[in-house]
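My plan is to look up a few things and jot down what I find.

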Amino acid sequence: MPLSAMQAIQFLGSQFTWLPRATSAPILTGKTVILTGANSGIGWEAGHQLAAMKPKRLILACRDMKTGAAALESVLSKYPGTNATVWNLDLASFENIKEFAARANKELDVVDVAVLNAAMNPGFADAPMKTTVDGHEVTQQVNILSTILLSLLLQPLLAKSVDPTLVITSSEVHMFCGHQLIANAVHTHSSILAAYDDKSRFVCGDRYFESKLLLQLVIRQLIGDLPDIKIVAVNPGMCRSNLGREMTSIGMRIGIIINNYTLSRSAWNGAVNVTKAIEATESQEYWSDCAPAASSSVFLGSATGHAASKQYYHEVMAVLDKVSPGCTAPLGVASRHAQPSL
Ligand SMILES: NC(=O)c1ccc[n+]([C@@H]2O[C@H](COP(=O)([O-])OP(=O)(O)OC[C@H]3O[C@@H](n4cnc5c(N)ncnc54)[C@H](OP(=O)(O)O)[C@@H]3O)[C@@H](O)[C@H]2O)c1
(Lines give C-alpha, C1' and ligand atoms only; values in the text may rest on other atoms or scores of the structure.)
Protein backbone atom coordinates (compact mmCIF):
# COMPACT_ATOMS: atom_id res chain seq x y z
CA MET A 1 0.00 0.00 0.00
CA PRO A 2 1.53 3.37 -0.94
CA LEU A 3 2.28 5.80 1.85
CA SER A 4 0.00 8.81 2.15
CA ALA A 5 1.82 12.17 1.97
CA MET A 6 1.25 12.55 5.71
CA GLN A 7 2.73 9.14 6.47
CA ALA A 8 5.73 9.77 4.21
CA ILE A 9 6.43 13.04 6.04
CA GLN A 10 6.00 11.30 9.40
CA PHE A 11 8.33 8.47 8.36
CA LEU A 12 11.05 10.76 7.01
CA GLY A 13 10.73 13.08 10.00
CA SER A 14 11.15 10.14 12.32
CA GLN A 15 14.17 8.74 10.48
CA PHE A 16 16.00 12.04 10.83
CA THR A 17 14.90 12.81 14.38
CA TRP A 18 17.83 13.37 16.71
CA LEU A 19 17.59 10.69 19.36
CA PRO A 20 18.83 11.03 22.94
CA ARG A 21 21.94 9.16 24.02
CA ALA A 22 21.50 5.66 25.38
CA THR A 23 20.93 5.64 29.12
CA SER A 24 24.20 5.04 30.95
CA ALA A 25 22.89 5.41 34.50
CA PRO A 26 22.59 2.13 36.45
CA ILE A 27 18.78 2.11 36.30
CA LEU A 28 18.66 -1.70 36.14
CA THR A 29 20.54 -2.27 39.37
CA GLY A 30 19.08 -5.33 41.12
CA LYS A 31 16.96 -6.21 38.10
CA THR A 32 16.78 -9.36 36.00
CA VAL A 33 16.44 -8.72 32.29
CA ILE A 34 15.71 -10.98 29.32
CA LEU A 35 16.47 -9.81 25.76
CA THR A 36 15.50 -11.84 22.68
CA GLY A 37 17.29 -11.61 19.33
CA ALA A 38 20.42 -10.44 21.13
CA ASN A 39 22.83 -11.87 18.57
CA SER A 40 22.13 -9.51 15.66
CA GLY A 41 21.26 -5.96 14.59
CA ILE A 42 19.17 -3.96 17.04
CA GLY A 43 19.24 -6.75 19.64
CA TRP A 44 23.06 -6.91 19.54
CA GLU A 45 23.27 -3.20 20.35
CA ALA A 46 20.43 -3.40 22.88
CA GLY A 47 22.42 -6.05 24.78
CA HIS A 48 25.27 -3.59 25.20
CA GLN A 49 22.95 -0.74 26.21
CA LEU A 50 21.23 -2.93 28.80
CA ALA A 51 24.60 -4.05 30.21
CA ALA A 52 25.54 -0.36 30.64
CA MET A 53 22.47 0.01 32.89
CA LYS A 54 24.02 -2.56 35.27
CA PRO A 55 21.32 -5.24 35.63
CA LYS A 56 21.67 -7.87 38.33
CA ARG A 57 21.31 -10.50 35.62
CA LEU A 58 21.09 -10.25 31.82
CA ILE A 59 19.88 -13.17 29.71
CA LEU A 60 20.63 -12.97 26.01
CA ALA A 61 18.06 -15.26 24.37
CA CYS A 62 19.26 -16.43 20.97
CA ARG A 63 18.37 -19.09 18.43
CA ASP A 64 21.96 -19.39 17.27
CA MET A 65 24.22 -20.15 20.23
CA LYS A 66 27.40 -19.38 18.25
CA THR A 67 26.44 -15.79 17.40
CA GLY A 68 24.88 -15.57 20.86
CA ALA A 69 28.29 -16.39 22.35
CA ALA A 70 29.84 -13.68 20.16
CA ALA A 71 27.29 -11.16 21.46
CA LEU A 72 28.04 -12.23 25.04
CA GLU A 73 31.79 -11.90 24.48
CA SER A 74 31.32 -8.41 23.05
CA VAL A 75 29.08 -7.35 25.96
CA LEU A 76 31.56 -8.71 28.52
CA SER A 77 34.53 -7.07 26.81
CA LYS A 78 32.84 -3.65 26.99
CA TYR A 79 31.11 -4.14 30.34
CA PRO A 80 33.30 -6.57 32.31
CA GLY A 81 31.62 -8.02 35.34
CA THR A 82 28.16 -8.06 33.80
CA ASN A 83 26.27 -11.13 34.97
CA ALA A 84 25.19 -12.12 31.47
CA THR A 85 24.48 -15.52 29.90
CA VAL A 86 23.17 -16.84 26.61
CA TRP A 87 20.10 -19.03 26.64
CA ASN A 88 18.76 -20.87 23.62
CA LEU A 89 15.42 -19.70 22.24
CA ASP A 90 13.86 -20.61 18.90
CA LEU A 91 10.61 -18.77 18.31
CA ALA A 92 9.76 -21.08 15.41
CA SER A 93 9.01 -23.87 17.92
CA PHE A 94 6.40 -23.67 20.67
CA GLU A 95 8.11 -26.58 22.42
CA ASN A 96 11.38 -24.64 22.54
CA ILE A 97 9.61 -21.61 24.02
CA LYS A 98 8.02 -23.77 26.70
CA GLU A 99 11.46 -25.18 27.54
CA PHE A 100 12.89 -21.64 27.72
CA ALA A 101 10.06 -20.52 30.02
CA ALA A 102 10.40 -23.64 32.19
CA ARG A 103 14.11 -22.88 32.59
CA ALA A 104 13.33 -19.26 33.47
CA ASN A 105 10.75 -20.32 36.04
CA LYS A 106 13.26 -22.80 37.53
CA GLU A 107 16.39 -20.63 37.56
CA LEU A 108 15.03 -17.11 38.08
CA ASP A 109 13.15 -15.69 41.05
CA VAL A 110 11.80 -12.79 39.07
CA VAL A 111 11.89 -11.12 35.66
CA ASP A 112 11.81 -7.35 35.91
CA VAL A 113 12.27 -6.50 32.25
CA ALA A 114 11.60 -8.63 29.17
CA VAL A 115 12.63 -7.09 25.88
CA LEU A 116 11.07 -9.25 23.16
CA ASN A 117 12.90 -7.92 20.15
CA ALA A 118 13.42 -10.97 17.91
CA ALA A 119 11.48 -11.14 14.67
CA MET A 120 11.96 -12.18 11.07
CA ASN A 121 11.26 -10.93 7.58
CA PRO A 122 10.60 -13.74 5.08
CA GLY A 123 11.67 -11.48 2.21
CA PHE A 124 10.12 -9.14 -0.29
CA ALA A 125 10.13 -11.60 -3.19
CA ASP A 126 7.50 -14.14 -4.18
CA ALA A 127 9.11 -16.92 -2.18
CA PRO A 128 6.95 -19.92 -1.22
CA MET A 129 5.39 -20.05 2.23
CA LYS A 130 7.38 -21.74 4.99
CA THR A 131 5.54 -23.54 7.76
CA THR A 132 6.88 -24.24 11.26
CA VAL A 133 6.89 -27.60 13.02
CA ASP A 134 3.73 -26.36 14.72
CA GLY A 135 1.94 -25.88 11.41
CA HIS A 136 1.84 -22.09 11.27
CA GLU A 137 3.23 -19.77 8.61
CA VAL A 138 6.64 -18.96 10.04
CA THR A 139 6.32 -15.14 10.14
CA GLN A 140 2.98 -15.30 11.94
CA GLN A 141 4.42 -17.76 14.46
CA VAL A 142 7.76 -16.03 15.14
CA ASN A 143 6.60 -12.41 15.08
CA ILE A 144 3.26 -12.82 16.84
CA LEU A 145 2.21 -16.20 18.25
CA SER A 146 5.55 -17.07 19.83
CA THR A 147 6.25 -13.55 21.02
CA ILE A 148 2.90 -13.49 22.81
CA LEU A 149 3.31 -17.05 24.12
CA LEU A 150 6.65 -16.09 25.65
CA SER A 151 5.07 -12.96 27.17
CA LEU A 152 2.37 -15.10 28.80
CA LEU A 153 4.77 -17.76 30.05
CA LEU A 154 7.01 -15.08 31.59
CA GLN A 155 4.03 -13.34 33.20
CA PRO A 156 4.30 -15.24 36.53
CA LEU A 157 7.93 -14.10 36.87
CA LEU A 158 7.11 -10.57 35.73
CA ALA A 159 4.32 -10.47 38.31
CA LYS A 160 6.96 -10.86 41.04
CA SER A 161 8.67 -7.62 40.01
CA VAL A 162 7.85 -4.27 41.61
CA ASP A 163 7.95 -2.61 38.17
CA PRO A 164 7.33 -5.34 35.57
CA THR A 165 8.15 -4.16 32.09
CA LEU A 166 7.50 -5.90 28.79
CA VAL A 167 8.97 -4.20 25.72
CA ILE A 168 8.00 -5.68 22.35
CA THR A 169 9.71 -4.50 19.17
CA SER A 170 7.12 -3.57 16.59
CA SER A 171 7.59 -1.38 13.52
CA GLU A 172 6.21 1.65 11.73
CA VAL A 173 5.57 -0.62 8.72
CA HIS A 174 2.29 -1.59 10.38
CA MET A 175 0.99 1.79 9.23
CA PHE A 176 1.90 1.34 5.59
CA CYS A 177 0.69 -2.17 4.83
CA GLY A 178 -2.46 -3.58 3.31
CA HIS A 179 -5.12 -5.11 5.50
CA GLN A 180 -7.32 -6.87 2.95
CA LEU A 181 -6.82 -10.36 4.42
CA ILE A 182 -7.71 -9.10 7.88
CA ALA A 183 -10.72 -7.02 6.81
CA ASN A 184 -12.00 -9.81 4.59
CA ALA A 185 -11.86 -12.29 7.48
CA VAL A 186 -13.70 -9.86 9.76
CA HIS A 187 -16.41 -9.21 7.19
CA THR A 188 -16.88 -12.89 6.31
CA HIS A 189 -16.75 -14.04 9.95
CA SER A 190 -13.81 -16.30 9.20
CA SER A 191 -10.52 -16.74 11.03
CA ILE A 192 -7.81 -14.11 10.54
CA LEU A 193 -5.21 -16.49 11.95
CA ALA A 194 -6.20 -19.25 9.51
CA ALA A 195 -6.05 -16.80 6.61
CA TYR A 196 -2.42 -16.06 7.50
CA ASP A 197 -1.64 -19.78 7.63
CA ASP A 198 -3.26 -20.40 4.24
CA LYS A 199 -0.71 -21.13 1.50
CA SER A 200 -3.08 -19.98 -1.25
CA ARG A 201 -3.26 -16.51 0.30
CA PHE A 202 0.44 -16.13 1.05
CA VAL A 203 2.17 -13.14 -0.52
CA CYS A 204 5.73 -13.19 0.76
CA GLY A 205 6.45 -9.51 0.12
CA ASP A 206 3.48 -8.41 2.27
CA ARG A 207 4.03 -10.74 5.16
CA TYR A 208 6.56 -8.92 7.34
CA PHE A 209 4.60 -5.64 7.16
CA GLU A 210 1.28 -7.31 7.94
CA SER A 211 2.82 -9.30 10.82
CA LYS A 212 3.60 -6.01 12.54
CA LEU A 213 0.00 -4.82 12.01
CA LEU A 214 -1.25 -8.09 13.52
CA LEU A 215 1.17 -7.59 16.41
CA GLN A 216 -0.23 -4.10 17.03
CA LEU A 217 -3.77 -5.55 17.01
CA VAL A 218 -2.78 -8.03 19.73
CA ILE A 219 -0.78 -5.59 21.85
CA ARG A 220 -3.73 -3.20 22.03
CA GLN A 221 -5.80 -5.92 23.75
CA LEU A 222 -2.93 -7.31 25.81
CA ILE A 223 -2.32 -3.92 27.43
CA GLY A 224 -5.94 -3.93 28.64
CA ASP A 225 -5.74 -7.54 29.83
CA LEU A 226 -2.45 -7.22 31.77
CA PRO A 227 -2.87 -3.88 33.54
CA ASP A 228 -0.22 -4.67 36.14
CA ILE A 229 2.55 -5.00 33.56
CA LYS A 230 3.95 -2.01 31.71
CA ILE A 231 3.79 -3.06 28.06
CA VAL A 232 5.41 -0.90 25.39
CA ALA A 233 5.35 -1.60 21.62
CA VAL A 234 8.39 0.06 20.12
CA ASN A 235 9.17 1.24 16.62
CA PRO A 236 12.97 1.32 16.41
CA GLY A 237 12.81 3.05 13.02
CA MET A 238 14.37 1.77 9.82
CA CYS A 239 17.86 0.59 10.76
CA ARG A 240 20.95 -1.02 9.31
CA SER A 241 20.65 -4.63 10.47
CA ASN A 242 20.39 -8.17 9.13
CA LEU A 243 16.62 -8.05 8.75
CA GLY A 244 16.95 -8.07 4.95
CA ARG A 245 18.92 -11.33 4.92
CA GLU A 246 16.21 -13.10 2.87
CA MET A 247 16.29 -10.39 0.20
CA THR A 248 18.85 -11.93 -2.03
CA SER A 249 18.08 -10.57 -5.51
CA ILE A 250 20.55 -8.04 -6.92
CA GLY A 251 17.82 -5.35 -7.10
CA MET A 252 16.96 -5.80 -3.43
CA ARG A 253 20.59 -5.88 -2.33
CA ILE A 254 21.18 -2.59 -4.16
CA GLY A 255 18.02 -1.13 -2.59
CA ILE A 256 19.23 -2.13 0.89
CA ILE A 257 22.66 -0.56 0.28
CA ILE A 258 21.07 2.69 -0.91
CA ASN A 259 18.77 2.71 2.11
CA ASN A 260 21.71 2.04 4.43
CA TYR A 261 23.56 5.09 3.13
CA THR A 262 20.55 7.41 3.01
CA LEU A 263 17.48 6.83 5.19
CA SER A 264 18.43 4.10 7.64
CA ARG A 265 19.63 4.89 11.13
CA SER A 266 22.24 2.80 12.89
CA ALA A 267 21.18 -0.33 14.74
CA TRP A 268 22.57 1.41 17.85
CA ASN A 269 20.05 4.24 17.49
CA GLY A 270 17.25 1.75 16.79
CA ALA A 271 18.25 0.01 20.01
CA VAL A 272 18.18 3.34 21.91
CA ASN A 273 14.49 3.52 21.01
CA VAL A 274 13.98 0.02 22.38
CA THR A 275 15.95 0.39 25.60
CA LYS A 276 14.54 3.85 26.38
CA ALA A 277 11.07 2.25 26.34
CA ILE A 278 11.99 0.60 29.65
CA GLU A 279 11.77 4.10 31.13
CA ALA A 280 8.20 4.69 29.89
CA THR A 281 5.99 5.56 32.83
CA GLU A 282 3.04 3.48 31.65
CA SER A 283 1.97 1.07 28.91
CA GLN A 284 2.15 2.44 25.39
CA GLU A 285 0.48 0.96 22.32
CA TYR A 286 3.13 2.67 20.23
CA TRP A 287 6.48 4.20 21.07
CA SER A 288 8.68 5.87 18.50
CA ASP A 289 11.67 8.22 18.64
CA CYS A 290 12.07 7.51 22.36
CA ALA A 291 8.60 8.77 23.26
CA PRO A 292 4.96 7.72 23.24
CA ALA A 293 3.61 8.22 19.72
CA ALA A 294 0.34 7.97 17.83
CA SER A 295 0.12 5.44 15.03
CA SER A 296 -1.13 6.99 11.80
CA SER A 297 -2.62 3.66 10.68
CA VAL A 298 -6.12 4.45 9.45
CA PHE A 299 -7.01 0.78 9.75
CA LEU A 300 -6.12 0.55 13.45
CA GLY A 301 -8.49 3.41 14.22
CA SER A 302 -11.36 2.12 12.04
CA ALA A 303 -14.35 0.10 13.24
CA THR A 304 -13.04 -2.91 11.28
CA GLY A 305 -9.63 -2.43 12.90
CA HIS A 306 -11.18 -2.50 16.36
CA ALA A 307 -13.24 -5.60 15.51
CA ALA A 308 -10.15 -7.26 14.01
CA SER A 309 -8.15 -6.51 17.13
CA LYS A 310 -10.67 -8.28 19.38
CA GLN A 311 -11.15 -11.16 16.96
CA TYR A 312 -7.46 -11.85 16.26
CA TYR A 313 -6.56 -11.54 19.93
CA HIS A 314 -9.22 -14.08 20.77
CA GLU A 315 -7.93 -16.43 18.05
CA VAL A 316 -4.31 -16.08 19.15
CA MET A 317 -5.17 -16.76 22.79
CA ALA A 318 -7.25 -19.80 21.84
CA VAL A 319 -4.27 -21.27 19.98
CA LEU A 320 -1.83 -20.46 22.77
CA ASP A 321 -4.10 -21.90 25.45
CA LYS A 322 -4.04 -25.19 23.54
CA VAL A 323 -0.25 -25.04 23.13
CA SER A 324 0.28 -24.40 26.82
CA PRO A 325 -2.95 -25.04 28.75
CA GLY A 326 -3.61 -22.33 31.32
CA CYS A 327 -1.14 -19.84 29.87
CA THR A 328 -3.94 -17.36 29.26
CA ALA A 329 -5.11 -17.62 32.89
CA PRO A 330 -3.23 -14.42 33.91
CA LEU A 331 -5.49 -12.56 31.51
CA GLY A 332 -8.46 -13.60 33.59
CA VAL A 333 -10.29 -14.67 30.48
CA ALA A 334 -8.96 -18.19 29.94
CA SER A 335 -12.31 -19.81 29.48
CA ARG A 336 -13.31 -17.18 26.95
CA HIS A 337 -10.20 -17.84 24.89
CA ALA A 338 -10.24 -21.59 25.30
CA GLN A 339 -13.54 -21.76 23.43
CA PRO A 340 -12.91 -20.07 20.08
CA SER A 341 -16.11 -19.12 18.33
CA LEU A 342 -14.55 -19.51 14.87
N1 LIG B 1 15.88 -3.05 10.92
C2 LIG B 1 14.82 -2.30 10.74
O3 LIG B 1 14.78 -1.45 9.84
C4 LIG B 1 13.64 -2.48 11.64
C5 LIG B 1 12.61 -1.53 11.56
C6 LIG B 1 11.50 -1.67 12.39
C7 LIG B 1 11.44 -2.74 13.27
N8 LIG B 1 12.45 -3.65 13.31
C9 LIG B 1 12.34 -4.75 14.27
O10 LIG B 1 13.47 -4.77 15.09
C11 LIG B 1 13.65 -6.09 15.62
C12 LIG B 1 15.08 -6.53 15.45
O13 LIG B 1 15.34 -6.69 14.07
P14 LIG B 1 16.73 -6.29 13.41
O15 LIG B 1 16.46 -5.19 12.47
O16 LIG B 1 17.77 -6.15 14.42
O17 LIG B 1 16.97 -7.58 12.49
P18 LIG B 1 18.04 -8.76 12.62
O19 LIG B 1 19.40 -8.20 12.61
O20 LIG B 1 17.65 -9.71 11.55
O21 LIG B 1 17.72 -9.38 14.04
C22 LIG B 1 16.57 -10.17 14.23
C23 LIG B 1 16.80 -11.02 15.45
O24 LIG B 1 15.66 -11.87 15.61
C25 LIG B 1 16.14 -13.21 15.73
N26 LIG B 1 15.22 -14.22 15.25
C27 LIG B 1 14.68 -14.37 14.02
N28 LIG B 1 13.97 -15.50 13.96
C29 LIG B 1 14.06 -16.10 15.18
C30 LIG B 1 13.59 -17.30 15.74
N31 LIG B 1 12.87 -18.18 15.03
N32 LIG B 1 13.87 -17.57 17.02
C33 LIG B 1 14.63 -16.73 17.76
N34 LIG B 1 15.15 -15.59 17.28
C35 LIG B 1 14.87 -15.28 16.00
C36 LIG B 1 17.40 -13.24 14.88
O37 LIG B 1 18.16 -14.40 15.19
P38 LIG B 1 19.06 -15.09 14.03
O39 LIG B 1 20.20 -14.15 13.79
O40 LIG B 1 19.45 -16.40 14.60
O41 LIG B 1 18.18 -15.22 12.84
C42 LIG B 1 18.03 -11.94 15.28
O43 LIG B 1 18.68 -12.07 16.50
C44 LIG B 1 12.62 -6.96 14.90
O45 LIG B 1 11.48 -7.10 15.72
C46 LIG B 1 12.29 -6.15 13.67
O47 LIG B 1 11.02 -6.45 13.16
C48 LIG B 1 13.54 -3.54 12.53
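How many residues surround the ligand, and which are the closest? Before answering, I note that this is a predicted model, where local features need pLDDT of at least 70, side-chain atom pairs count only at pLDDT 80 or more, and totals for chains, interfaces and linings use all residues. Residues are numbered from 1 along each chain as its sequence is written.

**Around the ligand**

I get 27 residues around the ligand, and the closest are Gly37, Gly41, Ala118, Ala119 and Ser241. To be near, a residue needs its C-beta atom, placed from the backbone, within 6 Å of the molecule. Helix α2 (residues 41–52) gives the largest share of this shell, three residues. Helices here are DSSP runs of H or I with at least four residues, strands are E runs of at least two, and both are numbered from the N terminus. I sorted the shell by class and got 13 nonpolar, eleven polar and three charged residues. For the classes, Ala, Val, Leu, Ile, Met, Phe, Trp, Tyr, Cys and Pro count as nonpolar, Asp, Glu, Lys and Arg as charged, and the others, Gly among them, as polar.

**Strand β4**

Next I checked β4 (residues 113–116). Val113 and Val115 point one way and Ala114 and Leu116 the other, and all are buried (20 or more other C-beta atoms within 10 Å of a residue's own, all placed from the backbone). β4 pairs in the parallel sense with β1 (residues 32–36) over three bridges; pairing takes at least two DSSP bridges. In that pair, Val33 stands opposite Val113. β4 also pairs in the parallel sense with β5 (residues 165–169), over four bridges, and there Leu116 faces Ile168.

**Pro122**

Where is Pro122? I found Pro122 in the loop between β4 and α5 (138–158). Pro122 is buried, with 23 other C-beta atoms within 10 Å. Leaving out residues up to four places away in sequence, Pro122 touches Ala127, Lys130, Val138, Thr139, Cys204, Arg207, Tyr208 and Glu246 (contact being C-beta atoms, placed from the backbone, within 7 Å).

**Two helices**

Last, I looked at α6 (residues 180–187) and α12 (residues 303–323), which pack at about 80° with axes 10 Å apart. Axes are lines fitted to C-alpha atoms over the stretch in contact, and angles run from 0 to 180 degrees between N-to-C directions. So I call α6 and α12 roughly perpendicular, the word for 65 to 115 degrees. By class, their contact has five nonpolar, two polar and no charged residues.

Key: Parallel < 35°, antiparallel > 145°, perpendicular 65-115°, else oblique. Buried ≥ 20, exposed ≤ 12 C-beta atoms within 10 Å, placed from the backbone. Contact = placed C-beta atoms within 7 Å.
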